[in-house]
Amino acid sequence: MAATIILFIIVVQIGVSYIANQRDVSLQTKRNMTIAFFFAVVVCMVAYDIAMMEPSYYDILGVTPNADNSALKRAYKTLSKKLHPDKNPDDPDAADNFILVHEVYEILLAKDLRETYDSYGQEYLLNARISPRSKSVDLSYERLLMYHVPFYFVSALVAYALTISKKSNEARPYAFVMLFGLATAEWYTKTYHDALPYVPLTIYQQVECLKNIYHYMLQGAIMYAGLVYMDIEAMKLTLLDTVRRQLDDQKRTLENQEIMIRLLIKEVIGNKKKMDVNGVEQKSQESESSKILDQLNNLDPKSKKKALERKMKEQAEAALEKAKAKQSKEHPWGLYIFIGLSLLNYFSK
């Protein structure tokens with residue numbers, strides 16, 4: 001059973017991964033495809049389990065589980081003649097096969113033994129017989145309880161352990177509901193098996209198939225829960241981290257904008273101060289020019305000419321001194337060049 005479950009998990013995992021990687025398919029379609037693929041795999045695995053079952057007593061005699069006593073007698077006579085050790089001297093297993101057919105025939109011919117075998121299988125029958133050759137069995141409440149409780153108790157523990165993680169936690173209610181459904185189906189199959197449609201399996205084999213289906217369904221529910229699982233806490237943390245990073249980026253952007261605005265304000269204030277200084281100088285120059293013009297208007301033509309020449313000479317000397325001072329501050333070589341050019345101009349006159 002463990003090998004088939006591992007095979008089932010591998011096959012389902014491959015199929016689910018393939019479906020999940022389909023990009024042009026919606027999420028709901030992927031879920032439907034996953035469920036359909038899962039049930040198809042379950043059907044295949046159940047068919048495989050039925051094919052790999054050990055031969056039942058009915059298979060040994062070559063009859064169906066609903067065969068009556070007359071059919072059992074005919075089958076036994078045919079096999080006993082065919083498998084008799086005297087007719088198979090070269091077969092070392094002929095005696096064992098003949099004894100096995102005889103024991104099977106005796107069990108199926110006895111009503112209590114046959115019903116016990118049909119419901120609980122060979123192992124339970126061997127343990128429940130009062131004696132090895134007895135045709136009576138012990139079907140006490142305690143024995144039946146000890147037969148059923150361990151399986152369901154262990155199955156419940158396994159279901160709880162497999163669904164303890166966050167990803168598979170959502171599958172836990174379904175696991176226990178399926179386990180309860182399995183117990184109900186087993187009880188109904190054993191109690192009302194005559195009313196059920198005919199299946200070429202004993203009641204015990206049918207119950208074993210139901211148990212295998214439960215194991216497959218449990219693994220499928222766990223895998224499906226992991227497929228659709230969304231970790232809300234992790235999503236919240238991721239969202240908060242994303243929002244925090246966006247706020248940090250916006251904060252840095254605002255700080256950079258604030259720095260740029262401050263620089264622009266400083267530049268505007270500096271330009272305004274320069275404009276104010278230039279305006280004051282221009283106004284002072286205009287006022288001096290107006291004063292000079294007023295003085296010139298009060299003089300006679302000759303005096304005007306002399307005063308104008310004197311004033312122009314003073315302004316030229318003042319500009320020369322200002323230029324010298326400026327050149328001396330910036331670079332001494334500029335001052336030397338300016339003095340040389342001034343002397344050259346003077347002597348050239």
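Reply: Buried here means under 20% relative accessible area. Y117 has a relative accessible area of 7%, so Y117 is buried. The model is a predicted one.

Now the ring pairs. The structure holds nine aromatic pairs. Take Y57 and Y117. Their ring centres lie 4.2 Å apart, and their planes meet at 5°. Planes under 30 degrees apart count as stacked, so this pair is stacked. The two partners come from distant parts of the chain, 60 residues apart. Y57 belongs to helix α3 (residues 57–61). Y117 belongs to helix α6 (residues 111–128). Y57 has 6% relative accessibility and therefore counts as buried.

Ring pairs link Y57, Y58 and Y117 into a cluster.

Next, F151 and Y152. Their ring centres are 5.0 Å apart, with the planes at 85°. Planes over 60 degrees apart count as edge-to-face, so that is the class of this pair. Y152, at 17% relative accessibility, counts as buried. F151, at 21%, counts as partly exposed.

The charged end of K211 sits over the ring of F151, 4.2 Å from the ring centre. The ring of F151 therefore takes part in an edge-to-face pair with Y152 and also lies under the charged end of K211.

Technical notes: Residues numbered from 1 in each chain as written. Predicted model: local features only at pLDDT ≥ 70, side-chain atom pairs only at ≥ 80, totals over all residues. Heavy atoms only, no water. Phe/Tyr/Trp six-rings, centres within 6.5 Å; stacked < 30°, edge-to-face > 60°. Helix = DSSP H or I, 4+ residues; strand = E, 2+ residues; numbered from the N terminus. Buried < 20%, exposed > 50% of the residue type's maximum accessible area, 1.4 Å probe, protein only. Lys NZ or Arg CZ within 6 Å of the ring centre and 35° of its normal.
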